[in-house]
Amino acid sequence: MGIISRAFHGRPREPDAKLPPGQYLVHDFPVLSAGPTPRVPLDRWEFSIDTAEGPVHRWSWEEFLALPQETPTVDLHCVTKWSKFGTGWKGVSLDVLMEDVESAAEYALAYSYGGYTTNLPLEDLLDGKAWVVHEFDGEELEPPHGGPARLLVPHLYLWKSAKWIKGIRLLNEDWPGFWETAGYHNYGDPWREQRYDGD
Amino acid sequence: MDYQDGNALAGPLSEIFSLDVTVAQGKCAACGLRGPLAQLHVYGPDPGLVARCPSCEEVVLTLVRGPNDAWLDLRGSVSLRIPIAE
Ligand SMILES: [Zn+2]
């Protein structure tokens, strides 16, 4: 009986279907930083979307909070190999922010207070895949985690979810951002382990 | 041909990269401040080392270390002045 049950229970465990290759699960929320944490007063905060061809779309903090809000619960995958499951956010879908923006652009460059940038195909920001969030776990988003507001693009490695977001520039050509020009992958799909340039 | 291929860099660069580069004098591309690399403000190490100018906080250099490669990006330095003992 012992042998049989050991054989029965001893099959290799199914890999966790929610954990991308090479990742491990954490329960805290590590903070990685590439510079000083910007402190952005809300009365001077502004988010904008600009294009090569049309007018700049701008939102003040009050205007941003007045937009329809969503509360996505998503898994996060950091390129430094930690993943965190079931994180709860509140913010505005990029589909809402892009509603009145007309552009033929295929690429986006997110830029932040403090100077950080990251690039991604525009389609990765649309169709319910990305948000600008201002609450985490029911609380206002703390500056170390990107507050007052950060980009959230959970299907890509977390460096694409720019903290302290200030705006998005729509571009006809891809324009690699901060980490993408420093050795990291241009796209960053955790399920294909696109960590470094050339992966 | 009026140039050599990059193999001509091997000797001169190996001399420099074997030194303690923290004593090298860097010049910030953003504000022009000169100073030893040891005075830069360094963030990281993950996802990469980011060294910033102590005066203007602009990025002077980044160093990303992967399992098989390292990427050194001197994007924000005009030059490095490296003392070489005779
Ligand atoms: Zn400087």
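Mentor: Start with B:V64, whose bridge partner in β6(B) is B:W71. This is a predicted model: local features need pLDDT of at least 70, side-chain atom pairs count only at pLDDT 80 or more, and totals for chains, interfaces and linings use all residues. Residues are numbered from 1 along each chain as its sequence is written, chains are lettered from A and ligands numbered from 1 in the order in which they are written, and side-chain values use heavy atoms, without hydrogens and water.

Now widen the view. Strands are DSSP runs (E, at least two residues), numbered from the N terminus. Two of them pair if DSSP finds at least two bridges between them. β5 (residues 59-65) and β6 (residues 70-73) of chain B pair over four bridges, in the antiparallel sense. A hairpin of four residues links β5(B) to β6(B).

Turn to chain A. There, five strands form an open sheet in the order β3-β2-β11-β6-β7, with mixed pairing. β3 (57-60) and β7 (117-121) of chain A each have a single partner strand, so one side of each has no neighbour in the sheet. On average, neighbouring strands of this sheet are turned by 15° against each other, direction ignored (axes are lines fitted to C-alpha atoms; angles run from 0 to 180 degrees between N-to-C directions).

Look inside that sheet. β2 (residues 46-50) and β11 (residues 165-171) of chain A run parallel, joined by three bridges. A:I49 stands opposite A:I168 in β11(A). In general, strands of a sheet pair through backbone hydrogen bonds, either parallel or antiparallel.
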